[in-house]
Amino acid sequence: LTDVKSQLSRAQRIEKVLRERFAPLDFELVDDSARHAGHAGAAPEGQSHYRLRMRSEAFVGLTRVARQRLVYVALQAEFDSGLHALSLDLKTPDQS
């Protein structure tokens, strides 16, 4: 049997994990890898640098740092397998 996870791009895996974990109201993930070509941590095949904007009820009552930690923990497997940088804009439903 083929592992479905291996058939997904990094962006698809990130989105799947975050949607399952945080049930976001808004979600935007942008692959910024091309902008970082040649920089430290940039893989030649890309999929190493992303920008995430997400609004979720899960962030209510949490500081900015606590929100970021939750996302980093959720994506630890991606960081372990080559995700180098993730810019985060994490908000609660009442924040714009």
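Is Arg51 buried, partly exposed or exposed? Arg51 is partly exposed, with a relative accessible area of 37%; here buried means under 20% relative accessible area, exposed means over 50%, and partly exposed is in between (1.4 Å probe, protein chains only).

A quick word on the model. It is predicted, so local features need pLDDT of at least 70 and side-chain atom pairs count only at pLDDT 80 or more, while totals for chains, interfaces and linings use all residues. Residues are numbered from 1 along each chain as its sequence is written, and side-chain values use heavy atoms, with hydrogens and water left out.

**Charged pairs**

Arg51 has a partner: its side chain forms a salt bridge with Asp32, the term meaning a side-chain nitrogen of Lys or Arg within 4 Å of a carboxyl oxygen of Asp or Glu. By this rule the count comes to eight salt bridges. Three of them are set out here.

| Pair | N to O distance | Residues apart in the chain |
|---|---|---|
| Arg13 and Glu78 | 2.7 Å | 65 residues |
| Asp26 and Arg55 | 2.4 Å | 29 residues |
| Asp32 and Arg51 | 3.1 Å | 19 residues |

The Arg13–Glu78 pair ties helix α2 to helix α4 (residues 76-80); helices (H or I, at least four residues) and strands (E, at least two) are DSSP runs, numbered from the N terminus. Arg13 counts as buried at 17% relative accessibility, and so does Glu78 at 6%. Salt bridges with shared partners also bring Arg10 into one network with Arg13 and Glu78.

Asp26 sits in strand β1 and Arg55 in strand β2, with Asp26 partly exposed at 27%. As for Asp32, it lies in the loop between β1 and β2 and is buried at 10%.

Now for the nonpolar side. The largest nonpolar core has 16 residues, a core being a set of buried Ala, Val, Leu, Ile, Met, Phe, Trp, Tyr and Cys residues joined through side-chain atoms within 4.5 Å. Leu18, Leu52, Met54, Val71 and Leu86 touch the most other members. At least two core residues come from each of α2 (10-22), β1 (26-31), β2 (49-55), α3 (64-74) and β3 (85-91).

Strands β2 and β3 run parallel, joined by seven bridges; strands pair if DSSP finds at least two bridges between them. Met54 has Leu90 as its bridge partner in β3.
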